[in-house]
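Subject: Handover of a structure and its description

Dear colleague,

Please find below the sequence and the structure that I am handing over to you. I would ask you to keep both in view while you read the notes.

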Amino acid sequence: MSADKHLQSWQERFEMAEAMQPLLGKLYRNQGVEVVVYGKPLLNASTIEIIKAHRLVRRHVGEKLRLRESFPFVQALSRLAVKQCKVDIGKLAVKYWAEHTDTNEIESYMARELAAAIDHADDIAPRDVVLYGFGRIGRLLARLLIERTGRSNKLRLRAIVLRGGKKGDLEKRASLLRRDSVHGPFNGSVEVDEENNAIIANGTYIQVIYANSPDEVDYTKYGITDALVVDNTGIWKDEAGLGLHLKSPGASKVLLTAPAKGAIKNIVYGVNEGDITPEDIIVSAASCTTNAITPVLKAVNDKYGIENGHVETIHSYTNDQNLIDNYHSADRRGRSAPLNMVITETGAAKAVAKALPVLAGKLTGNAIRVPTPNVSMAIISMNLNAETNKNELNEYLKDTALQSPLQNQIDYTDSTEIVSSDLVGSRYAGVVDSQATIAEGKRAILYVWYDNEFGYSCQVVGVMQTMLGLTTLSLPA
């Protein structure tokens, strides 16, 4: 292909992606339809991100999906009365073009494939969400909730609760939402309403409430009712402490973004969210590491069985550590986080059993905090009940990442060049690094990357939706 043809091909793809964007936006805002390409979300995606999502189809079917091949499916989707669902146009297009050579039957084909969502009753009322705490996870949850803003959105961020309230606090909180040293600038507009003590982000009005205890707030004063309170502080981890939230008028359920103590259910979305019942009013979304390793462990155990194993977490430093050497109540964490590797403990391996009881007592774990601000790795060493090898295990995990019910939790890479910063912003619970896999006989070692902030936050949103009965129909099945 000549240089001019390469440029012409790129121009065609770029223009097609640009034409796709307004259709994707209207489908979500007006009909509650979220469009993906083999699991890659196109909601609020840039033209380049849309092009990249189509190129990644090659990983699934051996060749890329051209935008001119998928665009007619987006057009057809916009003409159908499809509501409240997630539609994978990548899978629909690949299946169609495997059997057809022209566009004549696309609309009738789409109507058949999406029949379950056509004129789907939209009788689910929106639910209020309150973020109690606005640190690393709180602000990323805000981003994820705000990106879904629209008339059809059922998960509505109504307020954030903070300690403090000193002069200038509101603007500083808004500034931290606007700019993030790891995840980049906020995708949109953030304004401050000083008079009413609120932040307005992409049209979402977020009441800022100051309180020192979970039971001090009357949410009904702000028009907030039957709300899910997401506690991001990590201060309260048992039923007595988290139960304080339920004493505040307007709060009906609580989700903790940390491992819980006692009998509170620890949920890893994609693995055991089915354990959540309407009667559960306090739930934990476990830890970032537990979310990263449990789906992979489930996949391996389902096929090979796990006799026992050890998980070593190479974890980015967190706000709990000191920037420079100073007193800290925990062992070693007082030493400078940006300058040291710090051995510390993790309960993630044992916590796996709360989401996957079949592995109870079979795993040990430890952690090393390292001088990076985000993206961590779990090294999972296992003794299996059945024999395997590197190629077989990798092929199985690749298929699991692409085709199984765990495809939204597990990603897979065969890159020989990928490093931690390449995974910033990954929406998966964990990413299997196939080049590092070691497997021989009944021994296997897996290396699993995870964005311990953003990937975990995506998992938390899944638990939120499940707690509120806002599960989404995904098509094709």
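The notes below describe the sheets, then the helices, and finally a single residue.

The model is a predicted one, in which local features need pLDDT of at least 70 and side-chain atom pairs count only at pLDDT 80 or more, while totals for chains, interfaces and linings use all residues. Residues are numbered from 1 along each chain as its sequence is written, and side-chain values use heavy atoms, with hydrogens and water left out.

Helices (H or I, at least four residues) and strands (E, at least two) are DSSP runs, numbered from the N terminus. Two strands are said to pair if DSSP finds at least two bridges between them. Strands of a sheet pair through backbone hydrogen bonds, either parallel or antiparallel.

Nine strands form an open sheet with mixed pairing, in the order β6-β7-β8-β5-β4-β9-β10-β12-β11. At its edges stand β6 (190-193) and β11 (265-266); each has a single partner strand, so one side of each is left without a neighbour in the sheet.

Five of the six residues of β10 are buried, and the strand is mostly covered; buried means under 20% relative accessible area, exposed over 50%, and partly exposed in between (1.4 Å probe, protein chains only).

Helix α13 (residues 454-467) lies across β4 (127-132), β5 (155-162), β9 (227-231), β10 and β12, and runs at about 150° to β10. Axes are lines fitted to C-alpha atoms, for helices over the stretch in contact, and angles run from 0 to 180 degrees between N-to-C directions.

Other strand pairings

A four-stranded open sheet, again with mixed pairing, has the order β2-β1-β3-β20. Its edge strands, β2 (40-41) and β20 (473-475), each pair on one side only. Strand β1 (residues 33-37) and β2 are antiparallel and share two bridges, with Val-37 opposite Lys-40.

Strand β13 (residues 306-316) is joined by eight bridges to strand β16 (residues 376-389), and the two run antiparallel; Thr-313 stands opposite Ala-378 in this pair. β13 is also joined by eight bridges to strand β15 (residues 363-370), in a parallel arrangement, where Gly-309 has Leu-363 as its bridge partner.

Helix packing

Two packed helices are described by the angle between their axes and the distance between the axes.

Helix α5 (residues 89-97) has Ile-89, Gly-90, Lys-91, Leu-92, Ala-93 and Tyr-96 as its buried residues. These pack against β1, α4 (67-79), β3 (85-88), α6 (106-113) and α12 (390-403).

The axes of α5 and α6 come within 11 Å and cross at roughly 125°. That makes α5 oblique to α6; angles under 35 degrees count as roughly parallel, over 145 as roughly antiparallel, 65 to 115 as roughly perpendicular and the rest as oblique. The contact (heavy atoms within 4.5 Å) involves Leu-92, Lys-95, Tyr-96 and Trp-97 of α5 and Ile-106, Tyr-109, Met-110 and Glu-113 of α6.

Helix α7 (residues 136-146) and α13 have axes that come within 9 Å and cross at roughly 65°. On the α7 side, the contact is made by Ile-137, Leu-140, Leu-141, Leu-144 and Leu-145. The residues of α13 that take part include Phe-454, Tyr-456 and Met-464.

A single residue

Is Thr-290 buried or exposed? At 1% relative accessibility, Thr-290 counts as buried. Thr-290 lies in helix α10 (residues 288-304). Its side chain is joined to that of Ser-287 by a polar contact of 2.8 Å; a polar contact is a pair of N or O atoms within 3.5 Å, and within protein one must be able to donate a hydrogen and the other to accept it, while residues adjacent in sequence count only if both atoms are side-chain atoms. Not counting residues up to four places away in sequence, Thr-290 touches Val-268, Pro-295, Ala-348, Ala-351 and Val-352.

A colleague
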